[in-house]
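Please open the model in the viewer and keep the sequence panel at hand.

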Amino acid sequence: MLNNIGLPGLLLIAVVVLVLFGRGKISSLMGEVGKGITAFKKGVDDGKQEIEESIEAARDVTPEEEKDKA
């Protein structure tokens, strides 16, 4: 169904949305979407950093003398 929309259909949908919501409402909505994307990227980066820190904390701290015994 959505494969047959094409460029004219997308333009028509964009015009209808613009008429219904107005330019100000759409720009504020896009600003909120941008803030959401930024927050998502920050969360992903924080998660990566937390995983790297936990990996570093979980490194092997067995003394060399006991490693030789095993």
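Select Val-17 first: with a relative accessibility of 33%, this residue counts as partly exposed (buried is under 20% relative accessible area, exposed over 50%, partly exposed in between, with a 1.4 Å probe and protein chains only). Val-17 belongs to helix α1 and touches Gly-22 and Ile-26, residues up to four places away in sequence not being counted (contact means heavy atoms within 4.5 Å).

The model is predicted: local features need pLDDT of at least 70 and side-chain atom pairs pLDDT 80 or more, whereas totals for chains, interfaces and linings use all residues. Residues are numbered from 1 along each chain as its sequence is written, and side-chain values use heavy atoms, leaving out hydrogens and water.

Next, select α1 (residues 6–21) and α2 (residues 23–57), which pack at about 105 degrees with their axes 6 Å apart. The two helices are therefore roughly perpendicular (angles of 65 to 115 degrees; under 35 is roughly parallel, over 145 roughly antiparallel, the rest oblique). In this contact, Val-17, Leu-18 and Phe-21 of α1 meet Arg-23, Lys-25 and Ile-26 of α2.

Proceed to Glu-32 and Lys-35, whose side chains form a salt bridge at 3.8 Å, N to O (a side-chain nitrogen of Lys or Arg within 4 Å of a carboxyl oxygen of Asp or Glu). Both residues lie in α2, 3 residues apart, and Lys-35 is exposed at 55%.

Finally, select Lys-42 and Asp-46, also in α2 and 4 residues apart. Their salt bridge has its closest N and O atoms 3.4 Å apart. Lys-42 is exposed at 53% relative accessibility, while Asp-46 is partly exposed at 36%.

Technical notes. Axes fitted to C-alpha atoms, helices over the stretch in contact; angles between N-to-C directions.
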